[in-house]
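We will go from stop to stop, selecting a few residues each time.

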Amino acid sequence: MLDEWFSALSILRCTRCGKTYDPNELNTVCPACKGVLYAEYDIEKVKERLTWDVIKSRPRTLGLWRYYELLPVRRRENVVSLGEGATPLLKAAGLGKALGLSNLYIKDESLNPTGTFKARGVAVALSKGIELGVRKFAMPSAGNAGAALAAYAAKAGVESVIYAPKSTPIAMITEIRAYGARLTLVEGSISDAARELSKREKDVFDITTMKEPYRVEGKKTMGFEIVEQLGRAPDVVIYPTGGGTGLLGIWKGMLELREAGLLKDESMPRMVAVQSTGCNPIVEAFRKGWEEVKPPSNPQTIAAGIRVPKPYADYLILKVLRESGGLALEVTDAEIIEAVKEMARFEGLLPCPEGAATLAGLKKMVNAGQIDKSEEVVLINTGSGLKYMDVFLRYGL
Ligand SMILES: Cc1ncc(COP(=O)(O)O)c(C=O)c1O
């Protein structure tokens, strides 16, 4: 028997200026300073209801919605679900052995609907948008988020409008079209797609990464699941960082668990952002001690999802990396391809290039002595390699 659905969502707070907003209204960014808005929850109410036993008693078929107290959707009938979340945390014993690590794990997000972790953020943002009356959603996308939006919009029977780079892998373009979304392809990167979208589309609700408060709420459930699956937070989480929603979400989720007494104080992970040498704004800003990024002029990488020259939440990503004692590092496309093969051959898992980038990054950390051999390390494989066959073929895989 399910206990009664309840969201402890209380307010939205600007992460830059601290102003608060009513979450029962439709919000994007802070109207005062354009900062990212974060959802906050009534943690006392969460504490009254939520224990690990309660969470574990809920059916796995609920996926990420098992944590509904800490999600923003107030009424269960507004949830649009394709079965997102509840992905496995796989012990990567073969890879671990090769690298001399005894506790290496891969959070395999390729098992989500539409084959990537983007399903989590879109499921929650679209459900919440529908709860607040939205019927036409839009976003610029490097491909996977657009595919997720198109699928969830189809399931909900609402409209979706997507702008994506012309270079987007063919699987995602095909998917978006098949789900019935309106797709516009543009020259350049996701930043160019975003510019075109805001210029041309007026009557849509734009759920651009970190420009509305709820995609990160969906992504934070990766953090909940990792803690649930390990029984604690790992020492290190390595994440392929584009717009940063996943990295921010995992951190936010673990902080909320800690506040709710579901995670012991001392056990927060070091957060590591991996980017490509062809598009490395976070790495550069992290190294130079900047609080915001300087976008590269010609961003290029085979890992489409991390080809994001100017993440909107750059200041938050950099803050989390520093606060957590983590770091940012870059890997080449050749190193990514090598890591795709290694993950496939050692673990029977064909990762997306973004997911493989985390392994390439881990190898650098191991070589630089930045990881203790017995530490628990979680790589986030954000999606399935099956969506990148055209890319892999070009690189001789
Ligand atoms: C497969 C994949 N991994 C990683 C990312 C980067 O995600 P985030 O915006 O959470 O940094 C994306 C974004 O498009 C993606 O599609």
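Predicted model: local features only at pLDDT ≥ 70, side-chain atom pairs only at ≥ 80, totals over all residues.

**Next stop: T209**

Select T209. Look for it in the loop between strand 9 (205-206) and helix 8 (215-230). Is T209 buried or exposed? T209 has 29 C-beta neighbours inside 10 Å, so it counts as buried. Now show its contacts, leaving aside neighbours within four places in sequence: they are R215, G243, T245 and Y312. Then draw a distance from T209 to I282, C-alpha to C-alpha. The two lie 73 residues apart in sequence and 16 Å apart in space.

**Next stop: helix 7**

Select residues 190-200, which make up helix 7. Show the side chains of I190, A193, A194 and L197; these four are buried. They cover an arc of only 100 degrees around the axis, so they sit on the same side of helix 7. As a general rule, an α-helix has 3.6 residues a turn, so residues three or four places apart point the same way. What covers the buried residues of helix 7? The cover includes strand 6 (136-140), strand 7 (159-165), strand 8 (182-186) and strand 9.

Most residues other than glycine have a negative phi. Two residues here are worth a click.

Select A86 first. A86 is not a glycine, yet its phi is positive, about 55 degrees. A86 lies in the loop between helix 2 (52-57) and strand 4 (89-91). With 19 other C-beta atoms within 10 Å, A86 is partly exposed.

Now jump to T114. Its phi is positive too, about 65 degrees, and T114 is not a glycine. Find T114 in the loop between strand 5 (103-108) and helix 4 (118-131). T114 has 26 other C-beta atoms within 10 Å, so it is buried.

Show the open sheet whose three strands run in the order 2-1-3, with antiparallel pairing. Strand 2 (20-21) and strand 3 (37-41) are the edge strands, each pairing on one side only. Select strand 1 (residues 9-14) together with strand 2: two bridges join them in the antiparallel sense. For one of the partners, click R13 and look across to T20 in strand 2.

**Last stop: domain 1 against domain 2**

Colour the model by its domain assignment: domain 1 (9-78), domain 2 (89-116 + 216-394) and domain 3 (118-206). The centres of domain 1 and domain 2, taken over C-alpha atoms, are 24 Å apart. How many residues does the contact take from each of them? Domain 1 gives 15 and domain 2 gives 13. On the domain 1 side, strand 3, helix 1 (43-49) and helix 2 each give two or more residues. Helix 1 gives the most, with three. Colour this side by class to finish: 13 residues are nonpolar, one is polar and one is charged.

Terms used:
Residues numbered from 1 in each chain as written. Buried ≥ 20, exposed ≤ 12 C-beta atoms within 10 Å, placed from the backbone. Contact = placed C-beta atoms within 7 Å. Arc of directions from axis to C-beta. Pairing = 2+ DSSP bridges. Domains from an automatic or database assignment. Nonpolar A, V, L, I, M, F, W, Y, C, P; charged D, E, K, R; others polar.
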